[in-house]
Amino acid sequence: VALAVGAYVHLYLGAVFFGPMKSRPDDQLGVAWGLIKGPIDALIPGAPENHEQVIEVYYTFMLEGGKLQVSPEAQFVIDPGGGTFANGDNLFLLGLRLYVPF
């Protein structure tokens with residue numbers, strides 16, 4: 001949990017669950033929510049709103065004894081840029097992170 005206050009308010013809340021499946025004890029499941037809020041017109045001048053929220057979920061597959069990590073993720077952004085988009089101002093993003101130490 002993190003909170004920063006000033007001209008802007010940043011609030012983050014998240015959790016990581018280790019070994020969410022009994023058959024895969026080294027894997028991780030992460031969930032997070034974040035909010036940024038500022039004064040009117042603070043994020044982008046002329047924007048109808050002054051806040052943005054993000055929800056993220058990811059799952060990390062630990063492969064090869066942790067030497068290879070594959071993490072598919074999904075993010076849902078509510079009012080990106082403080083509502084600057086006139087129509088459909090929410091985003092749904094999919095991603096894939098790879099960690100390969102060498």
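This is a short chat about side-chain contacts in a predicted model.

Me: New to this one. What kind of model is it?
Reply: A predicted model.

Me: OK, salt bridges. How many are there?
Reply: The count comes to three.

Me: Start with Asp-27. Which residue does it form a salt bridge with?
Reply: With Arg-24. The closest N and O atoms are 2.4 Å apart.

Me: And is Asp-27 buried or exposed?
Reply: Buried, because its relative accessibility is 1% and the cut-off for buried is under 20%.

Me: What about Arg-24, how accessible is that one?
Reply: Arg-24 is partly exposed. Its relative accessible area is 25%.

Me: Next bridge. What does Glu-56 meet?
Reply: The side chain of Arg-97. That salt bridge is 3.6 Å, N to O.

Me: Buried or exposed, Glu-56?
Reply: Glu-56 is buried, at 18% relative accessible area. Arg-97 is partly exposed, at 35% relative accessibility.

Me: And the other bridge with Arg-97, which residue is in it?
Reply: Glu-73. Its side chain meets that of Arg-97 at 3.8 Å, N to O. This pair also links distant parts of the chain. Glu-73 is in strand β5, residues 68–78, and Arg-97 is in strand β6. They are 24 residues apart.

Me: Why does Glu-73 count as buried?
Reply: Because its relative accessibility is 16%, and buried means under 20%.

Me: Which residues make up the salt-bridge network, then?
Reply: Glu-56, Glu-73 and Arg-97 are linked in it.

Me: What ring does the charged end of Arg-97 sit over?
Reply: The ring of Tyr-58. The charged end is 4.8 Å from the ring's centre.

Me: Changing topic: rings. How many aromatic pairs does a search of the whole structure find?
Reply: One. The pair is Tyr-59 and Phe-61.

Me: Now the surface. Which residues make the nonpolar patch?
Reply: Ile-55, Phe-76, Phe-92 and Leu-94. The patch is about 420 Å².

Me: Tell me about Phe-76. Where is it?
Reply: In strand β5. Phe-76 is partly exposed, with a relative accessible area of 33%.

Me: What does Phe-76 contact, leaving aside its neighbours within four places in sequence?
Reply: Gln-53, Val-54, Ile-55, Asn-90, Leu-91 and Phe-92. Ile-55 and Phe-92 turn up in the nonpolar patch with Phe-76, too.

Me: How far apart are Phe-76 and Val-54?
Reply: In sequence, 22 residues. In space, 5.7 Å, C-alpha to C-alpha.

Terms used: Residues numbered from 1 in each chain as written. Predicted model: local features only at pLDDT ≥ 70, side-chain atom pairs only at ≥ 80, totals over all residues. Heavy atoms only, no water. Salt bridge = Lys/Arg side-chain N within 4 Å of Asp/Glu carboxyl O. Buried < 20%, exposed > 50% of the residue type's maximum accessible area, 1.4 Å probe, protein only. Helix = DSSP H or I, 4+ residues; strand = E, 2+ residues; numbered from the N terminus. Patch = residues over 30% accessible without salt bridge, like charges linked within 9 Å, V, L, I, M, F, W, Y side chains within 5 Å. Areas by Shrake-Rupley, 256 points an atom, 1.4 Å probe, with all protein chains shown as cover. Phe/Tyr/Trp six-rings, centres within 6.5 Å; stacked < 30°, edge-to-face > 60°. Lys NZ or Arg CZ within 6 Å of the ring centre and 35° of its normal. Contact = heavy atoms within 4.5 Å.
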